[in-house]
Amino acid sequence: MNTFLERLVLEEAELMDKIAKLNAFINGNNFKTIDPMQQTLLKIQVNAMHTYSQCLIERIELLK
């Protein structure tokens, strides 16, 4: 059974993968073709995901 710490580490790794994919989309040509409001919301979303990632990293460090 996975420990709580292992689950947090996995969650953070999965989140980083999602952040990388979203950043790739934002920096790609297709991003320019979507509605400007969607563009804004995706930028807000990726920033929130970074904040979430930082929280997970801090929690992981405190449990080590």
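This report covers the core, the surface and selected side-chain pairs of a predicted model.

Numbering runs from 1 along each chain as its sequence is written, and side-chain values rest on heavy atoms, with hydrogens and water left out. Local features need pLDDT of at least 70, side-chain atom pairs count only at pLDDT 80 or more, and totals for chains, interfaces and linings use all residues.

**Core**

Helices here are DSSP runs (H or I, at least four residues), numbered from the N terminus. The largest nonpolar core has 11 residues in all: Leu 8, Leu 15, Ile 19, Leu 22, Ile 26, Phe 31, Leu 42, Val 46, Met 49, Leu 56 and Ile 60. Such a core is a set of buried Ala, Val, Leu, Ile, Met, Phe, Trp, Tyr and Cys residues joined through side-chain atoms within 4.5 Å. Helices α1 and α2 each supply at least two residues of this core.

Burial follows relative accessible area: buried is under 20%, exposed is over 50%, and partly exposed lies in between (1.4 Å probe, protein chains only).

Ile 26 sits in helix α1, residues 4-26. Ile 26 is buried at 14% relative accessible area. Setting aside neighbours within four places in sequence, Ile 26 contacts Phe 31, Leu 42, Lys 43 and Val 46. Contact means heavy atoms within 4.5 Å. Ile 26 and Leu 42 are 16 residues apart in sequence, with 7.8 Å between their C-alpha atoms.

Val 46 is another member of the core. With the neighbours within four places left out, Val 46 touches Ile 19, Leu 22, Asn 23 and Ile 26.

Gln 39 belongs to helix α2, residues 36-63. Gln 39 is buried, with a relative accessible area of 17%. Residues up to four places away in sequence aside, Gln 39 meets Phe 31, Lys 32, Thr 33 and Ile 34.

**Aromatic pair**

Rings of Phe, Tyr and Trp (its six-membered ring) pair if their centres lie within 6.5 Å; planes under 30 degrees apart count as stacked, over 60 as edge-to-face and the rest as tilted. The count is 1 aromatic pair. Phe 25 and Phe 31 have ring centres 5.8 Å apart and planes at 90°, so the pair is edge-to-face. Phe 25 is partly exposed at 31% relative accessible area, whereas Phe 31 is buried at 5%.

**Salt bridges**

The whole structure holds 2 salt bridges. Each is a side-chain nitrogen of Lys or Arg within 4 Å of a carboxyl oxygen of Asp or Glu.

| Salt bridge | N to O distance |
|---|---|
| Lys 21 and Asp 17 | 3.2 Å |
| Glu 61 and Lys 64 | 3.7 Å |

Lys 21 and Asp 17 are 4 residues apart in helix α1, so about one helical turn separates them. Lys 21 is exposed at 56% relative accessible area; Asp 17 is partly exposed at 39%.

**Surface patch**

Met 37, Leu 41 and Ile 44 form a nonpolar surface patch with about 300 Å² of accessible area together. Patches take residues with over 30% relative accessible area and no salt bridge; like charges are joined within 9 Å, and nonpolar side chains (Val, Leu, Ile, Met, Phe, Trp, Tyr) within 5 Å. Accessible areas come from the Shrake-Rupley method with a 1.4 Å probe, and for residues only the protein chains shown count as cover. Met 37 lies in helix α2. Met 37 is exposed, at 52% relative accessibility.
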